[in-house]
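Please look at the sequence and the structure before reading on.

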Amino acid sequence: MQQIRRILSIDGGGIKGVFPASFLATVEDTIGDRITNYFDLIVGTSTGGIIALGLGLGLSSAEILSFYEELGPEIFGGNRFLKALRHLIFSKYNDKPLREALERHFGNRTLGESKTRLVIPAMNLDTGEAHLYKTAHNRKNERDYRQLAVTVALATSAAPTYFPSHQETSGLALIDGGIWANNPTACAVIEAITNLDWDAKSLRVLSLGCTTCPPHVGWEKWMPLGQLYWASRSIDLFMSGQSSSSIGTAKLFAGEENVLRIDPPATRGRFTLDGIKAISCLKGLGVSEARKALSKVREMFLTHPAPTFEPCYPAIGSTTSHIVISKDVTKFIHQ
């Protein structure tokens, strides 16, 4: 009998990562087990990359959700007027609060300490090439597993105009993987088929978005408008097209019935990348969507635990503990 391989893919979306974190926390609370135990590969971009790293390093989805609830206002806070002025010339936010939060959260743990296979997209700013951080699930992946989880998280989430580019100690400049793979579902399926040699029809894919807002098209489609008009709208169109293409590619390879996409629609402006006032609403939406999808999620992904991941190279620089920020108290979680 063919072995089923299960993949979890998580989109980018800034503070909207509260939604997939809440969705997964609700599933974990229901089944009484870590979601990571049931997936063979997790792929996440930007905020989805941070969630993927947390899951791989043994955090529960509830702990990751607490990270967003507690530290989101710290990372994306500040005077709105001053932020708007800064945004005109510089990145809207300094990455220091994010870096410090990640260091408290992940400590000095490395990508190689992940308990499951991970792929985290970023982009090489010097060459314009895609840059994929990967665990040592293939012998070709000889270096990435040595990277600090904090480094990987900062690279994949360095969204242009929101955060400065991330400079590795090697001098490599990286920016947000959302530039080319905000929805990394296709990346996940291609990684499974080409580098893990898994049969395409054996794949079961859970793809979590961060809410979607269809592009608004009205009278402008009849007018030959220029840069001033389209500059502010091209990003939304690009993101929508990339996500549609990614899901379509995944379904083409794995089969439409084997890809479950969870990405509830939202009205324009309801949720934004740095909209911290909507955190509680995003959390509630995650609970609601998980409640509706739970039966299908059980059927496709939770029938039995995934086999233990055995990397090709041992982790370097392991540590026995890391720090997690929770609602009540800062505490050590020993793995």
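The model is predicted: local features need pLDDT of at least 70, side-chain atom pairs count only at pLDDT 80 or more, and totals for chains, interfaces and linings use all residues. Residues are numbered from 1 along each chain as its sequence is written, and side-chain values use heavy atoms, with hydrogens and water left out.

Side chains of opposite charge can pair when their charged atoms come close. A salt bridge here is a side-chain nitrogen of Lys or Arg within 4 Å of a carboxyl oxygen of Asp or Glu. By this rule the count is 11 salt bridges.

| Pair | N to O distance |
|---|---|
| K92 and D274 | 2.8 Å |
| K134 and E191 | 2.8 Å |
| E100 and K96 | 3.9 Å |

Helices (H or I, at least four residues) and strands (E, at least two) are DSSP runs, numbered from the N terminus. K92 sits in the loop between helix 4 (80–89) and helix 5 (96–106), and D274 in the loop between strand 8 (259–262) and helix 11 (279–301), 182 residues apart. K92 and D274 are both buried (under 20% relative accessible area; exposed is over 50%, partly exposed in between, with a 1.4 Å probe and protein chains only).

E100 is partly exposed, because its relative accessibility is 32%.

Finally, a network of salt bridges links D11, R261 and D263.
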